[in-house]
Amino acid sequence: MGKEGKASNPGAEKGSATIGGMSRRAFAAGCVGAAATLALGGLKAVPAQAVVRPPGGQDESTLIGACIHCEKCYEACPRDVIALGTFEDGLLNMRTPKMDFRYGYCDFCAEENGGVPKCVATCPTNALKLPANATAESTIIGIAEINTSWCLAYRRMFCRSCYDACPYEAIILDDSNCPHVLTDVCNGCGACESVCLSLTTGSIVVGETGLAIVVKPLE
């Protein structure tokens, strides 16, 4: 009877036990394949988010195609305003350069490199590239936008930090001392965003998840 039982279950030979009629090896292979499929599906489900790029990186297709993730631009930035894309930014943006204005703003390396951004000068593949006559004023890396529901000035709490910080006079104040962005003057340098006080005053609006003024990427 033992031999008959063994013969009726050939998969039990040589340690090849079965799981639901499938060998352990086949079952394990199936699990690995399923996990890989789910992983790929997860990656595809994270679309590339629009991010603000360093000077010379506004042609998104060129940047993505040429960037080799060497991080030279990130390391060269004297203002520490270049960060690296993460998974949350989308698969294509991972480890590509993006602007982060939490600690300062882009001044085009006016003092350190004679007005030529170091990120552009150090890029080995021309993923960041500017015309020869480019200036900080003519290089638009983004446009500042104000969320009037979160802005302290619009909530009648005196604040003009963004107005005072803007080096290009791209922000004006109306009769109520509320700021407005001159989109035809703003170059997205991030000075306004770097000094915004909306999240540090202790009087945060319910639902507020970010600063009241932020630089948005070009459409």
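Let me start with a strand pairing: β5, residues 143-146, runs antiparallel to β8, and four bridges join the two strands. Within that pairing, I143 stands opposite K216 of β8. Strand β8 itself, spanning residues 213-216, has I213 and V215 on its covered face, while V214 and K216 belong to the uncovered one.

Two stretches call for caution. Over residues 18-23 the pLDDT stays under 50, and the model gives this stretch eight contacts beyond four places in sequence. Residues 25-44 also have a pLDDT below 50, with five contacts in the model beyond near neighbours in sequence. Where pLDDT is low, the predicted coordinates should not be read in detail.

Let me turn now to the loop between β3, residues 82-84, and β4, residues 97-99, which is where T96 is found. Is T96 buried or exposed? With a relative accessibility of 1%, T96 counts as buried. Setting aside neighbours within four places in sequence, T96 is in contact with R53, L63, I64, C67, H69, A83, L84 and G85.

One of those contacts, R53, leads us to the salt bridges, of which the count comes to seven. The side chains of R53 and E60 meet in one of them, at 2.5 Å from N to O. R53 counts as buried because its relative accessibility is 2%, whereas E60, at 33%, counts as partly exposed.

The side chains of E71 and R95 meet in another salt bridge, at 3.3 Å from N to O. E71 lies in the loop between α3 (60-66) and α4 (72-76), and R95 in the loop between β3 and β4, so this pair ties together parts that are 24 residues apart in sequence. Both partners are partly exposed, E71 with a relative accessibility of 23% and R95 with a relative accessible area of 39%.

A further salt bridge joins D89 and K98, whose closest N and O atoms are 2.8 Å apart. How do these two residues count, as buried or as exposed? D89 counts as buried at 10% relative accessibility, and K98 is buried as well, with a relative accessible area of 19%, because the cut-off for buried is under 20%.

Finally, R79, D107 and E112 are linked in a network of salt bridges.

Terms used:
Residues numbered from 1 in each chain as written. Predicted model: local features only at pLDDT ≥ 70, side-chain atom pairs only at ≥ 80, totals over all residues. Heavy atoms only, no water. pLDDT = per-residue confidence, 0-100. Contact = heavy atoms within 4.5 Å. Buried < 20%, exposed > 50% of the residue type's maximum accessible area, 1.4 Å probe, protein only. Pairing = 2+ DSSP bridges. Salt bridge = Lys/Arg side-chain N within 4 Å of Asp/Glu carboxyl O.
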